[in-house]
Each structure stands twice: as C-alpha cells, then as structure tokens.
Amino acid sequence: MTPVLRIFKEQIVNFPLIFRLAMYDIKGQYQMHYLGILWQFINPLIQISVYWFIFGLGLRQGSTTGDIPFIVYLLIGMIPWFFISPSITQGSNSVYTKVNLVSKMKFPVSILPSITILGNLVNFLFMMVLLTIVLVVYGISGGWYLIQLPYYIFSLLVLIYGITLFSSTVSAIIRDYQLMVQSVMRMMFFLTPIFWTINTFPEKVQTIIKLNPLAYIIIGFRDTFLGRSWFFEDWTYTLYFWLFTFLVLVIGAILHENFKNKFVDYL
Amino acid sequence: MKRVVKFTNVSKQYSLFKKKSDQLLDIFAFKKPTKTFNAVSNVSFEVFEGEAVGIIGTNGSGKSTLSNLLAQVIPPTRGSVEINGEPTLVAISAGLNNHLTGYENIELKCLMHGLSKSEIKEVTPAIVEFADIGEFIDQPIKSYSSGMKARLGFAISVHIKPDILIIDEALSVGDSTFHQKCVDKFKEFKAEGKTIFFISHSLAQVKSISDRIIWMSHGQLEMFDDKETVSQAYTKYIDWFNKLDKNEKRDFKQNKLTEQMKIDPFSPDPLHGKTKGPFRIRTYLQILSMLILLIGSGALMFVENPGDYLKSGIPLLKAEEKPSESISKGTPNDEKTSSDEVISERGYVVERTASLYDDGDLNQLSTELPFATSVFVKKRIDDTYLVVYNDNEYYLNSKSIQIGLNEEGVKDLTLGDLEPAFPDTFASSYEYFFAFMNKDMDELESSFDGFERSKEKDELSRVVFEFPDDGISYAFNENKKAETIKLLNVNLSADIISSLTQDSLLLSSDKELYYFTTADYDIFLDEEKKTLTFKLNSE
C-alpha cells in the first residue's frame with residue numbers, strides 16, 4: 001500500500017513539473033510540421049471518419065444503434081480510445097526513452113508516464129468539446145447523468161496511470177514487453193465495445209467482455225453521455241474495476257520502487 | 001569543514017550475461033550470475049565542501065562509473081555512498097531535446113531540475129551569456145555544432161546552482177577560451193563553498209582545476225592526494241606504461257582485466273542490494289490476496305442478484321434452500337410463519353368461495369367471495385391475512401388467498417381459441433350470445449321472448465337467466481346489466497382446455513377451478529361442473 005501512496009504523493013508534489021514537461025512534449029512533437037499542433041486533431045478526425053464510413057455507412061447501411069445515430073455512438077467510444085491507446089503505448093515506453101535524460105539528475109522517474117498521459121489528455125479534452133458539439137447538433141443529452149463524467153475521467157486516468165507505471169517499468173527492463181503492449185492494444189481495439197454494442201451478445205458473453213477494464217470506461221462514457229445509468233447501479237462491475245486498477249497500481253508501484261534506481265543498469 | 005561526500009568500501013559490480021534471457025533470470029533472482037565485472041571495487045574516500053577534486057585514469061579505469069555513483073545515477077553494489085547536497089552531473093549534451101530551440105531547452109532543463117518559473121526567468125540571461133552561442137539560441141538544438149551543444153549543456157548545469165558539480169569529460173569539446181571561462185566559474189563555485197568533481201583523462205586539465213586528485217586504475221583507487229603528488233606518480237606510471245613493448249602492454253592489461261572479472265559464486269546479486277530482494281514474502285501475500293479479491297469480484301459479476309447472493313451468506317451452504325425460496329414467492333402456503341408481516345400486494349381467492357371475517361379470530365362471518373376475486377392484502381398475522389375489499393377491512397384464512405398471479409399464465413387468449421371447447425349448439429352462434437354482454441335485463445328478456453328460460457337468484461344473490469336448451473345462463477349485476485355468461489357442458493377433452501389448465505393465471509386449491517383472461521373477458525373454468533364463465537373485464 002505504501003508504495004502506491006508514495007508514488008501518488010510524488011505526482012501531486014511534482015504536478016507543475018509534469019504540466020510544463022507535458023506542454024513541452026506536445027510542442028516538440030509537432031515542431032517540424034507546418035500544421036503543427038493541428039495534427040493532434042487531424043489524425044483522430046481522419047480515423048473517425050474512416051471508421052464511420054466503413055462501419056457506420058458500409059456494414060450497418062447507416063442504420064442506427066437503437067435511437068442513437070451510429071456516428072454519435074461511435075464517437076463516444078472512439079474519443080476515449082484515442083486517449084487510452086496512445087497513452088498506454090507511449091506511456092509504457094516513457095521510462096525507456098527518457099531515462100537517459102533523466103538519470104543524469106535527481107528526477108522522479110515515476111512522473112514520466114504522467115507526463116505522457118497529461119500530454120495526451122489535452123488532446124482528449126479538446127475532442128470532448130468536439131463531441132459535445134456533435135451531441136448538441138443531434139440533440140442528445142445525458143441530462144443529470146453528465147455529472148458522473150468527472151468520475152469516469154478520473155477512473156480512466158487512474159487506470160491508465162496504473163497500467164503505464166507497471167508497463168513502463170517492465171518494458172525498460174524487458175524490451176519485448178513494449179512490442180507486446182502494442183499488439184495487445186491493437187487487439188483491445190476490437191475486444192472493447194468501441195464500434196459495436198455489447199447488448200447483441202448473450203448475457204454470459206457480455207460479462208466476459210466486461211472483464212476488460214477498458215470496457216468499463218467505454219461503457220461508462222456511453223452511460224453518461226446517453227444518460228442511461230449511474231456508475232453505482234452496476235456496483236459489482238465498479239467493484240471489479242477498482243480492484244483491478246488497484247492491483248495493477250500496487251504491482252506497478254512495487255516494481256517501480258524496486259527498479260527505479262537501476263534502470264540505467266539495464267540500458 | 002563540512003564533509004560533503006563519503007565513500008566507504010564502495011564497489012560497483014556488473015553481471016556479464018551470455019544471453020539476454022540470463023539477465024531476466026537474474027532479475028527475479030532465480031539464478032546467481034556466474035561472471036561479474038568489478039567496474040569499481042572497494043573505493044573509500046572523503047571530500048569536504050569547497051574542494052575541487054579531479055579524477056584521473058586511463059580508459060576503463062572506472063572514472064565514469066565513479067562519477068555516476070557520485071551523481072547517484074546508479075546505486076553501488078556494495079558499500080555506502082553518503083552525499084550531502086544536490087549533485088548535478090554534466091555530461092556532453094545530456095538532457096537536451098534536439099527539436100527544441102536553445103531557449104526552450106534552457107527552460108526544459110531548468111524545469112526538470114525543479115526550478116520555478118520565476119527562477120528560470122532570472123537565470124536564463126546568465127545562461128545565454130555564458131553559453132555564448134549568439135543568434136543560434138533561437139534555433140533548434142539539432143542545428144548546433146557539438147561545441148555549442150556542450151557549451152549550452154554546461155552553461156545550464158552550472159547555473160542551476162547545484163551543491164556538487166560533477167563534470168564528466170564535458171569540457172573536452174570546448175575550445176581554450178571557453179575552458180578559461182569554465183575555470184573562472186569553478187573558482188567562483190569554490191568560493192561559494194561548493195564541491196566540484198572534474199573527471200578527465202587529461203592530466204593538464206585536471207591539474208589546472210583541482211586541489212586534490214583521485215587516480216583510478218582498473219577499478220581501484222590507486223592514489224588520492226594533493227594534486228602535485230598524484231600528478232607526479234601518474235606521469236611516472238604513464239611513462240612506464242608507454243615504455244613497455246606491445247606484448248607486455250597487452251599482457252599487463254589482460255592481467256588487470258581478469259582480476260576485475262572474477263568468478264564469485266557468493267557475491268550478492270549485483271542488481272539488487274545485499275539484503276533487500278525485490279520480492280519479499282509479505283509483498284507476494286499482499287498481491288495474492290488482492291488477486292483473490294479481484295477474481296471474487298469478477299465472479300460476482302456473473303451472479304444475477306449479487307446483493308441477495310451476498311446476503312444469503314456462504315452460497316454453497318445455502319444452495320439447497322434457494323430454489324424453494326423462489327417458488328414460495330407465489331404461494332403463501334409455504335411461507336414461514338412470522339407474526340405481523342407487511343405484504344401490501346394484490347391477492348386472489350383460490351377457493352370456490354372464501355369467507356371474510358370481521359375479526360382476527362375468524363368468528364364473525366361477514367361475507368363470501370367467489371374464486372379469483374381480487375383483494376388487497378395488507379399484512380399477515382399468523383395464519384390470517386388482513387385484506388381490503390370494497391374499501392372495508394376483513395380477515396380471512398391465509399389458505400384461501402394467493403398473493404399475485406402466476407406469471408406464466410395465459411393472458412392473450414381470444415374467444416376464437418376456445419371454440420373447440422364449446423358445446424356444438426353454442427359454437428355455431430357464440431358471437432350472438434356474447435353480443436348481449438353488458439346489455440339491460442329488459443333488452444334480453446324481449447330478445448329471448450319465446451325461449452324456454454328460468455329466472456332465479458344464485459348464491460351471490462344475483463339475478464340469473466338460464467337457457468337450458470342452449471346450456472347457457474346470464475347473470476346480472478345490481479344495475480341489471482348482463483355481467484357474466486356461463487356455459488354448461490364444456491368439452492373438457494378439447495386440446496385447448498388441457499393446454500390452458502397448465503398455464504392458468506390462478507388455480508384453486510382443490511385444483512378444479514382455473515382463471516385466465518382475454519383482452520375483454522375474465523374467464524373461469526370449472527372442471528368439476530364442466531362450466532366456463534365469462535365476465536367482462538372491469539377495466
């Protein structure tokens with residue numbers, strides 16, 4: 001337990017540092033491009049339109065998911081995914097790529113994944129604004145359910161931080177792990193209810209799909225924006241999600257504390 | 001003087017792995033490394049504040065490892081390193097982002113060192129001036145020459161005010177004017193009481209900066225003394241070594257290398273500390289218990305009513321009781337007796353006639369209700385129910401009431417479905433007879449004028465018209481409207497009857513009376529009397 005608390009304290013104490021470094025990362029990333037930071041939004045937009053074209057118009061013949069237009073349904077799942085996927089893959093690599101810079105000074109290595117996550121979060125929040133516009137255009141409102149949005153964003157951040165803390169440590173030591181993370185994330189895109197609905201499956205299969213903690217987030221975002229249910233209504237799922245997150249955090253924190261001084265030895 | 005650095009028997013050992021997988025095994029301490037290399041072995045020294053210490057040695061003598069140990073970049077394998085103050089290691093272009101401009105890099109590096117925004121603003125002009133790279137400060141670092149990069153890196157490092165400055169060969173790329181500038185800066189540093197470590201293989205550079213010199217040779221501290229003493233000894237050693245012929249040089253180096261590299265089966269794991277393994281039993285247990293909890297909660301997701309499930313205690317022990325509980329929901333007879341149980345649900349009479357009483361002891365008979373009459377059950381008192389019927393409260397025996405209807409019962413029946421069960425005479429003209437439902441008694445009397453009929457009262461004191469020829473009878477309510485139509489001689493062997501009797505909404509306790517509904521009618525089947533009674537829905 002204490003390693004987790006220590007690591008969280010490190011994040012809070014160093015938050016200004018995390019924030020500035022994340023801003024620098026974003027700036028540095030697109031410095032060489034004429035469109036600069038716009039690429040942060042062009043990329044996901046293109047991807048969403050492709051998926052909408054293929055899965056929205058092509059396979060489903062433009063039909064709707066219940067009374068919700070498919071594009072709205074897709075966007076609510078896709079936008080968190082565009083945050084989750086790069087955060088996890090880049091975050092897992094963050095220690096490996098930065099430890100060289102950082103090892104020459106006293107620097108809290110545990111904030112490296114946070115920097116990546118925060119960098120992606122900026123883009124995510126912008127996309128959320130975009131989503132809000134789309135929802136307004138379609139006249140869809142989650143009503144009071146929208147107040148649970150911060151809860152789901154918080155859950156998402158804690159989960160992703162737990163995963164990246166664990167994977168960044170492992171992938172600094174075992175490089176094969178990074179390749180595995182990439183493959184698993186590609187697979188997760190299809191295993192998480194992003195462009196399909198969970199309701200078309202039998203009850204038991206639905207539960208199996210829900211064992212994936214990312215599904216909790218995606219389903220949660222849908223429940224919030226479409227005003228379907230509260231997070232505590234399915235309390236067993238919420239319990240499961242937090243136990244999972246906590247377990248990953250604890251293992252990640254213990255591993256990280258044990259290896260943080262030795263990363264340089266493995267490079 | 002204050003002691004700043006203290007090394008006590010410090011060793012840094014690296015494991016030499018033949019395969020990548022050996023390293024993995026080593027991490028989890030499954031297998032002790034067989035071959036190790038002592039980059040630094042058994043080094044002890046003390047350094048005080050305000051000192052400039054040079055570290056000199058040939059290639060591979062452990063200078064850089066020592067500087068990393070000083071900067072606390074790597075932990076020692078054995079021995080202890082005590083450092084009082086913030087060390088900063090200056091290595092060539094370390095920590096610079098190639099895509100960012102000089103200015104941005106200054107800000108970034110200062111940030112990473114934990115300076116606040118106002119502090120950065122304060123220190124930036126001094127860094128720019130010291131680095132002396134002119135217009136290039138606005139250009140991305142990748143367009144810099146190596147000298148410019150080194151100067152910028154160095155300028156940043158000396159301006160973030162470290163307590164201990166460790167310079168590892170960083171000045172070798174700078175020209176002599178820059179070198180002079182650095183020497184001046186070092187003097188300033190020393191005057192402030194800060195400590196400098198200067199690592200180089202150039203004796204002249206080391207001598208010009210340091211007060212004392214550490215001479216490292218093949219991982220061991222050969223000498224640590226005043227700069228004149230060490231530089232004499234070092235020059236002597238270099239001269240001696242250079243005079244050796246090719247083979248002697250090779251043999252000498254080989255010997256020293258094999259000394260550093262020894263097979264040491266009892267050495268502690270070099271990558272972890274001596275005593276502190278990464279995975280202790282307690283940690284394992286913690287993780288294991290959390291894993292079990294996680295699996296438990298995952299399994300709970302597969303359970304339909306997790307709340308009830310948990311409340312029912314240990315599920316395995318109670319598994320046998322569960323089915324009977326779910327059945328008892330529908331039939332109050334099986335329910336466990338407990339006095340005063342609030343129910344607040346609709347109940348239905350399951351006897352031919354149920355007696356309503358005014359008192360709880362069931363002595364004062366008030367009235368009787370026919371089969372399938374709906375009452376509102378308020379609560380249960382031992383074996384009696386307190387019910388509300390026509391806005392009055394009554395008591396009755398709990399055996400004569402069923403709480404709720406059977407869920408699977410037939411609700412969407414139509415009259416046509418029942419046709420096979422009708423007697424032949426009625427089947428051909430049943431629509432005609434049903435047309436008189438809810439009609440006035442007078443209208444019926446005039447329409448059926450000439451038919452053989454009888455007019456009497458039944459047990460519920462309703463007026464009843466009977467037509468014995470057709471086998472039907474009408475009963476009228478208090479408003480003299482035809483309320484029910486009763487059919488005699490029902491063909492009980494029809495398929496529809498046998499299938500209906502299995503799916504009734506209500507079955508009387510003597511298993512003779514059944515209750516179904518259609519969209520318009522409540523239907524009562526009496527197997528004993530072979531009658532079907534149709535009653536208009538009250539809604």
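Trainee: How many aromatic pairs are there over all chains?

Mentor: Rings of Phe, Tyr and Trp (its six-membered ring) pair if their centres lie within 6.5 Å, with planes under 30 degrees apart counted as stacked, over 60 as edge-to-face and the rest as tilted; by this rule there are 47 aromatic pairs over all chains. One of them, Tyr240(A) with Phe244(A), is tilted, at 6.4 Å centre to centre and 40° between the planes. This is a predicted model, in which local features need pLDDT of at least 70 and side-chain atom pairs count only at pLDDT 80 or more, while totals for chains, interfaces and linings use all residues. Residues are numbered from 1 along each chain as its sequence is written, chains are lettered from A and ligands numbered from 1 in the order in which they are written, and side-chain values use heavy atoms, leaving out hydrogens and water.

Trainee: Where do Tyr240(A) and Phe244(A) lie?

Mentor: Helices (H or I, at least four residues) are DSSP runs numbered from the N terminus, and both residues lie in helix α10 (residues 235-259) of chain A, 4 residues apart, about one turn of the helix.

Trainee: How should I read a charge over a ring?

Mentor: The criterion is NZ of Lys or CZ of Arg within 6 Å of the ring centre and within 35 degrees of the ring normal. The charged end of Arg222(A) sits over the ring of Tyr73(A), 3.7 Å from its centre, and Lys181(B) lies over the face of Phe130(B), 5.3 Å from the ring centre.

Trainee: Which residues does Phe221(A) touch?

Mentor: Taking contact as heavy atoms within 4.5 Å, and not counting residues up to four places away in sequence, Phe221(A) touches several residues, including Ile76(A), Phe124(A) and Leu156(A).

Conventions:
Helix = DSSP H or I, 4+ residues; strand = E, 2+ residues; numbered from the N terminus.
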